[in-house]
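Here is a friendly note to read alongside the model.

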Amino acid sequence: MTKLLVVEDEGIVAKDIQIRLRNLGYEVVAVASSGEGAIQKAAETHPDLVLMDIILKGEMDGIEAAEEIISRYDIPVVYLTAHTDEKTLQRAKITEPFGYILKPFGEKNLYSTIEISLHRHKMEKKLKESEEFSSSLMRVSPNSIVVINPDTSVHYVNPALEELTGFSSSELVGTKAPYPWWTEKTRERAKKDLKEAIVSGAQKLEELFQKKNGELFWVEITSAPIRINGEFKYYLVSWVDITQRKQAEEVLRKAKQDAELANRAKSEFLANMSHEIRTPMNAVIGFTNLLCDTNLDEKQTDYANTIKKSAESLLSLINDILDFSKIEAGQLDFDEIDFDPELLAYDVCEIIRPKIESKPIEILCHIGDTIPSRVKGDPARFRQILNNLMGNASKFTKSGEIDLSLAIEEETDDRIKLHATVRDTGIGIPKDRLSAMFEPFRQVDGSSTRKYGGTGLGLSICKQITKLMSGDVWAESPSDFRFSIDDFRLEDSPKLKNNLQSSIVNSQSKGGPGSVFHFTAWLGKTEGKETKRYTPASLSGKKALVVDDNRGNLEIVTHILERVGMRVVALRSGEKAIPTLQKALEIDTPFDICIADIRMPGVSGYEVAQQIRHFKSEIPGPDLADQDDVMEKEVWEASKSNGISKSTRARAGHNPNSTMRNLPLIALSSLMERDARKCEEAGFDGFLSKPIRRGKLYQMMERLLGEGGDRHDKDERVTQQIMTQYSVREDMKSSARILLAEDNPVNQRLAKILLTKAGYYVEVANNGKEAVEKYMASPKDFDLIFMDVQMPEMDGLEATREIRKFETGNSPAIRLAGKKLEPGDIQQQSSIAPDKSGFTLYSNNRQSSIHRVPIVAMTASAMKGDREKCLEAGMDDYIAKPIKREVVYEMINKWVFGGYEGYNGL
Amino acid sequence: MDCKELAENVGVEEEEYLELIELFIETGMSDLDTLSSAIKEKNAEKAANSAHSLKGAASSIGLMEFYEAAKKIEEGILNDRLEETAEDAQTLKEKLDIIAEYTRG
């Protein structure tokens with residue numbers, strides 16, 4: 001019940017009011033007749049409202065009493081008065097009464113005035129509380145707060161701001177921008193920030209302000225507009241003093257900078273050191289090369305070769321260190337060039353082969369069918385990793401297999417993740433050393449360091465490089481592998497996967513426990529160009545017999561053939577070859593081609609070929625057999641004169657003997673032992689070295705089967721020349737092999753840098769004589785010769801004439817080529833070019849049909865007539881020194897790739 | 001001498017360029033020795049070859065001043081003024097020393 005205090009000095013009136021109030025439902029807690037009494041009763045009874053007569057007896061009137069009660073107890077007061085003068089009324093107004101009732105009054109009037117007053121008082125109290133709440137928030141906030149009016153004048157600042165800036169509230173309130181805490185320097189920016197903040201709303205930014213004493217301090221500013229009834233009224237800005245944080249940041253930044261500087265200095269020192277060592281090493285190698293060309297006796301040659309080999313191994317060590325320090329310094333650059341990962345993988349296999357030397361190791365290369373023919377990335381880095389993994393495999397494997405597989409692991413619209421796996425059957429790696437190997441300067445154990453050599457940096461460099469290619473490199477112990485092979489996606493061939501698995505089981509029984517290294521990298525996809533691989537349609541439906549004792553290789557070849565729709569019968573021994581072929585003839589489903597490994601236990605590939613070529617059916621009588629011979633001879637002659645494939649023609653005669661004898665035969669062999677003449681004598685038509693390159697196998701088969709290849713090889717067919725993988729022009733490869741004849745070490749080095757960078761192989765000859773020798777030793781190995789004109793011993797013009805004579809078969813210098821190269825010679829010539837010395841003999845026999853190699857002259861003297869002299873000597877083109885990168889690349893494009901655009905898809 | 005710019009012109013990394021310069025200094029010194037002794041021996045062919053080699057290497061790595069000097073010597077020798085080139089050869093030697101000092105210092 002609402003409690004009321006009535007103040008009325010007229011007893012009767014007081015009584016009357018009391019009664020009326022009770023009737024209205026109010027409780028009258030007390031009645032006072034004087035001002036003093038009213039104050040005392042208010043203190044005692046705490047009424048909700050006071051009804052106050054203005055004119056009271058005694059010293060204090062109602063207005064004075066009301067003032068006291070309002071200020072002391074915050075009790076609402078309603079005046080009750082009969083009549084009064086203007087002056088008194090004015091006085092009463094100042095006390096802000098909640099109501100004013102004129103006597104005489106009605107009950108309704110009394111009731112409404114009391115209720116309105118109570119409500120108003122309640123509202124005001126609430127408002128006061130809320131105001132009190134917000135202002136105390138601002139007062140006690142440790143953050144500095146400034147409230148700004150729309151005209152930028154300061155409306156309010158809190159004590160924290162006063163304390164921080166040293167300005168008092170009275171100094172600041174009312175001041176407009178520019179504010180005293182803005183510094184001269186930052187004034188414009190602060191103004192702009194403020195404007196932006198007001199326009200666009202809440203902001204968070206950092207500013208540098210000044211105190212009253214001029215000291216600077218950093219604040220982080222949070223601000224928000226205050227809207228009342230949707231109207232922008234104030235702008236509230238709160239500062240957090242971040243001076244300490246800023247100072248700490250500065251200290252940290254400086255410390256970091258110092259540390260980085262120190263680290264860079266360290267890396268630069270390392271890089272410089274490596275560089276300082278590398279430079280004289282290059283000179284050592286270069287001059288040793290020159291030394292080797294002088295007249296040395298056997299002992300001196302031996303010494304010089306030792307110097308060179310040691311220098312080369314030291315150089316590769318230095319290169320490792322340089323790479324490593326570059327990676328540490330974050331200075332390793334990556335190229336973005338198109339390259340063919342398949343060719344790169346095959347190239348790596350070929351480069352590794354000489355390292356295996358005579359160890360009984362089969363190199364296998366599995367390429368996933370959907371691997372694109374072009375990806376974008378750094379081929380040199382990609383190759384570096386594969387080289388390293390394959391190099392390790394060859395180092396640690398005594399016998400068995402080394403298998404390089406390449407598959408797609410993941411693919412997005414513009415990127416592709418390749419996964420390479422290198423598996424060997426070598427000494428293996430203890431499980432607990434698997435991850436430590438990838439740390440710098442760590443090797444599997446101390447003793448292997450001594451036995452196998454190496455810096456221990458190779459794998460850690462690989463690790464770092466793969467990380468930079470968003471990939472990884474890791475190793476597995478063999479017991480993990482069977483599990484992991486299931487994860488390893490050989491994307492579209494579950495059969496191949498199974499085969500791979502079985503070949504692992506098969507091969508592991510031959511060699512050591514082995515190890516498996518994985519390498520993944522993200523590469524870009526090439527835009528615009530055809531990246532699908534060429535698949536020869538003409539081979540579809542042909543029937544092939546494949547004979548190889550190595551199961552892994554047998555499966556790879558089978559897969560390659562089946563992929564283009566060929567029917568394949570695979571045999572693991574030579575003994576079964578003839579019976580299989582014979583049986584097929586008998587049931588009239590003869591084979592179109594036979595592919596046989598040369599080296600097989602029992603019946604070798606040579607024997608298989610001989611048996612096929614000298615096949616004599618046991619069924620027909622002697623007369624028929626003679627007839628066969630005659631017929632076959634006619635066919636042979638016919639095919640010679642019109643260039644039609646002998647096997648096609650012979651089969652037209654439906655004679656089983658000649659069909660068998662003329663079966664196209666391809667020999668497969670490891671590079672080191674191949675002997676083209678022996679193959680030819682045994683009766684092979686073509687020759688491929690392992691690991692088998694898909695594109696080459698397809699091309700060779702197309703030609704041998706007389707479809708698709710006629711246009712190119714008419715001449716070769718007529719002369720019945722045996723095909724080798726290098727007589728099948730390497731028109732589809734993106735890496736050219738270049739012979740560089742240049743005597744000046746600086747130019748040699750520069751050309752080598754430029755050509756290697758572009759992914760080409762470079763073989764260097766120090767003078768014309770050496771160039772001729774190198775070329776004659778293996779003419780099929782070179783796609784292009786860059787020939788310096790002026791060189792000691794034999795100049796470029798003379799060398800060119802020698803080479804042209806040799807190519808056309810009138811070479812007096814044939815004795816040069818007659819020197820059969822030893823494997824060691826090759827390693828000595830170049831660490832990059834793979835060994836293909838097996839062609840020496842073949843070259844001598846067949847010089848008449850050697851492909852004409854493009855020769856591009858390089859000369860410093862730009863005298864008139866030089867060009868003519870070069871062309872006269874048999875050169876094809878001419879570039880002026882200094883060697884310009886673009887011009888060199890242009891020449892390669894023109895002379896190596898120019899005429900073979902049609903095969904880019906391969 | 002701005003190695004960075006020179007390297008860029010030649011089309012190699014700065015580091016590779018430095019390596020080429022070092023190699024140039026090494027071979028240049030030996031060519032210059034040959035040149036000097038050839039001039040003394042009055043062996044024009046030998047002298048011309050050395051000058052040619054110096055000229056070619058200098059042009060490859062963009063050292064044009066050196067190239068011009070070597071070219072002058074080569075032309076001098078080819079025009080039967082072998083004796084007069086001794087002084088130029090000495091200048092060339094000094095230039096090479098400067099380059100050597102610059103790159104190594």
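1. A few terms before the cavities. On a 1 Å grid over the protein atoms alone, a cavity is a set of points where a 1.4 Å probe fits but cannot get out, while a pocket is an open set with protein on both sides within 12 Å along at least five of seven lines; lining residues have an atom within 4 Å of a point. Grid points are joined across faces, edges and corners, and a volume is the space filled by probe spheres set on the points. The largest cavity has a volume of about 180 Å³, and the count of cavities of 30 Å³ or more comes to 10.

2. Please keep in mind that this is a predicted model, where local features need pLDDT of at least 70, side-chain atom pairs count only at pLDDT 80 or more, and totals for chains, interfaces and linings use all residues. Residues are numbered from 1 along each chain as its sequence is written, chains are lettered from A and ligands numbered from 1 in the order in which they are written, and side-chain values use heavy atoms, leaving out hydrogens and water.

3. What lines the largest cavity? There are 18 lining residues, and Ala190(A), Leu194(A), Phe209(A), Ile221(A) and Val237(A) lie nearest its centre. Elements giving two or more residues to this lining are strand E6 (144-148), helix H8 (187-200), strand E8 (203-210), strand E9 (216-228) and strand E10 (231-241) of chain A. Helices (H or I, at least four residues) and strands (E, at least two) are DSSP runs, numbered from the N terminus. By class, the lining has 14 nonpolar, two polar and two charged residues. Here Ala, Val, Leu, Ile, Met, Phe, Trp, Tyr, Cys and Pro count as nonpolar, Asp, Glu, Lys and Arg as charged, and the others, Gly among them, as polar.

4. The second largest pocket holds about 1,000 Å³ of space. Its lining has 41 residues, with Asp743(A), Gln790(A), Met791(A), Pro792(A) and Asn49(B) nearest the centre. H3(B) gives the largest share of that lining, eight residues. The lining divides into 12 nonpolar, 16 polar and 13 charged residues.

5. H3(B) also packs against a helix of the other chain. The axes of H26 (residues 745-757) of chain A and H3 (residues 44-60) of chain B come within 8 Å and cross at roughly 30°. Axes are lines fitted to C-alpha atoms, for helices over the stretch in contact, and angles run from 0 to 180 degrees between N-to-C directions. H26(A) and H3(B) are therefore roughly parallel; angles under 35 degrees count as roughly parallel, over 145 as roughly antiparallel, 65 to 115 as roughly perpendicular and the rest as oblique. Val746(A), Asn747(A) and Leu750(A) meet Gly56(B), Ala57(B) and Ser60(B), where contact means heavy atoms within 4.5 Å.

6. Within chain B, H3(B) and H4(B) pack at an angle of about 160°, with their axes 8 Å apart. The two helices are therefore roughly antiparallel to each other. Their contact has 12 nonpolar, two polar and three charged residues.

7. Two backbone details deserve a look. The peptide bond from Lys103(A) to Pro104(A) is cis, with omega near -5°, and Pro104(A) sits in the loop between strand E5 (99-102) and helix H5 (107-140) of chain A. Asp74(A) is not a glycine, yet has a positive phi of about 55°.
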